[in-house]
Amino acid sequence: MAADPRTTTDFDAVIIGAGFAGLGMLRQLREELGMSIQVYETGSGVGGTWYWNRYPGARCDSESYVYCFSFSKELLQDWNWSGKYPEQPEILSYLNHVADRFDLRRNIQFDTRVTSAKFLEDTNRWLIETDQGDCVTARFLITGIGCISTGNIPDIPGLDSFEGDWHHTGSWPHEKVDFVGKRVAVIGTGSSGIQAIPVIAKQAKRLSVFQRTPQYSIPARHETVDRRFIEEDVKPNYDEIWEKARWSRSGFPVEFSQRSALDVTEEERLEIYETHWAKGGFGFLHGTFADIRTDIRANDTVAEFVRSKIREIVDDPGTAEKLVPMDHPYGSKRALIDTNYFETYNRWNVELVDIRRSPIREITPKGIRTGDEEFEFDIIVFATGYDAMTGSFLKMDIRGRNDLPLKEKWSEGPKTYLGLQVSGFPNMFMITGPGSPSVLCNMPVAIEQHIEWISEFIEFLDENGIETAEAGINYESAWVSHVNEVAEPTMFMLANSWYLGANIPGKPRVFMPYAGGLGTYREKCNEIADNGYEGFILGSGSRRRPVATSAREA
Ligand code: N01
């Protein structure tokens, strides 16, 4: 394909997205490698997920002291979080602070959506176009578009006719949504729903929760940050904390239990569950028993414990039974932690509608009609999740060699090498792409691992006069098989989750993240780099000419 006559600027790299990934990558490549960078961001400000997810109760379930960048020791010492878990407005302030402190805005064009990116084989450049009429070229195309950013609004007949307001949690209005005195519906009880429901319930006149799948959830035990812990245990020890987080299974500086739930007495097991329930947070998942993730008999013990807690918390036995998850193991969907989620069903103004039993038929001008009943609402909140991991890629027209659309390449599910590159799409890097462990981890730690690895790879290419790097097809196939093999014995395969694309009608059922753990993944990425970037086809000159491949045919 010939160079497009409309292009005016050639960059070293175009980065899509200005969330944690895009901001970190921009700083790294500009400051450490001196590259010319253009970032395109759809939003009017930085923040990515945290720019869009402004729904009531939105906060992260990673503890705040590790939900941040680690590249600047000064930043780590200067920034003070106010909550144990960081709230959306504070994370957004943090990312704005990062953008200002490192002078990142000058390379970011806001209010601009990338619509297409095509690899030009005659020049080895990416041609990138936006909805604002930009048409630029770049040697590298780097996506920082998030894994959970393309909202899923179910195709329910009649939505257009609804006379009230409706919002999706992932594209929440910037203006305050006032629930006071309103009849509100929330559809969906995933991470977003269970955060929003208790907060909306306190304001609304009546709240009806439309639940398809009951959830296991553990108390977060959210509170203001423990200043003594931060000043005495965290800030002086950040180096060790990050080292531990980087090599851990999930990007947290914690120990994983090695115990089996089946090797202790029932009494001991209950005591361990009770202790971790009282402490709250993800410690319940990693600190109790190792085999709850892999052995269904061990998992049954934890599932039954959480079910008993739900029955204990919820006053009305009928409502409690509707809330008790019976159809999937604990931890097979994204693990949830909450603040007063189950307690909220004890409020007089909250009702639970079981749409598994009586599905939503349509949205009417006045509200929602299920098989059994018609409900009237002023506001409907869609907490219905995302076309995760692939949706944001496939919204753009990305084409690699031979004009092959990514959509076609991924028609049976995403195919990547390490979740970093796609064969046939040279010099395109994905930060936290499908096939990487990102969504099973504390995100900033997973993101920084990719940022560092990509930056070192680009440095290697430059030092060796190599123009293009492209995942070899055999290595890509082997990685896809490995991702499946690792997921196979886990509980993840036993639920209909977005990890498997099961929430989107027609999406191929493929487990998308790498479940082998961040530390193991980091080790594999490092080994590949140490072996001269094994599995990548490295080409130089204006035509693709392999100059180095690994011992095995890439
Ligand atoms: O989305 P979800 P989310 N009719 O897909 C239901 C991250 N996150 O936005 O389970 C009726 O988890 C669906 O039902 P079912 C985190 O990684 C993090 O809550 O598919 N219902 C489910 O109940 C998380 O996993 C944080 O049967 C429908 C809900 O909607 C990811 O983002 C906070 C439906 C969707 O749950 C996504 O979370 C928020 C339909 N047609 C998000 N379609 C924190 O760190 C879907 N549902 C705290």
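Mentor: Contact here means heavy atoms within 4.5 Å. Setting aside neighbours within four places in sequence, Phe-102 is in contact with Arg-27, Arg-30, Phe-71, Ser-72 and Leu-75. Phe-102 sits in the loop between α4 (88–101) and β3 (108–109). Helices (H or I, at least four residues) and strands (E, at least two) are DSSP runs, numbered from the N terminus. Ile-91 is 11 residues from Phe-102 in sequence, and their C-alpha atoms are 16 Å apart in space.

The model is predicted: local features need pLDDT of at least 70, side-chain atom pairs count only at pLDDT 80 or more, and totals for chains, interfaces and linings use all residues. Residues are numbered from 1 along each chain as its sequence is written, and side-chain values use heavy atoms, with hydrogens and water left out.

Now the ligand. It has 24 residues around it, and Asp-61, Ser-192, Arg-212, Thr-213 and Trp-498 come nearest (near: a heavy atom within 4 Å). By class, this shell holds 9 nonpolar, 10 polar and 5 charged residues (nonpolar: Ala, Val, Leu, Ile, Met, Phe, Trp, Tyr, Cys and Pro; charged: Asp, Glu, Lys and Arg; polar: the others, Gly among them). Helix α5, residues 191–203, gives the most to the shell, with 3 residues.

Finally, the helix packing. Helix α14 (residues 443–463) and helix α16 (residues 518–530) pack at about 0°, with axes 12 Å apart (axes are lines fitted to C-alpha atoms over the stretch in contact; angles run from 0 to 180 degrees between N-to-C directions). That makes α14 roughly parallel to α16 (under 35 degrees). The residues of this contact divide into 8 nonpolar, 3 polar and 2 charged. In α14, Trp-453 is one of those that meet α16.

Helix α7 (residues 238–247) also packs with α16, at about 85°, with axes 6 Å apart. The two are therefore roughly perpendicular (65 to 115 degrees). Ala-245, Arg-246 and Trp-247 of α7 meet Leu-518, Gly-519, Arg-522, Glu-523 and Asn-526 of α16.

Terms used: Parallel < 35°, antiparallel > 145°, perpendicular 65-115°, else oblique.
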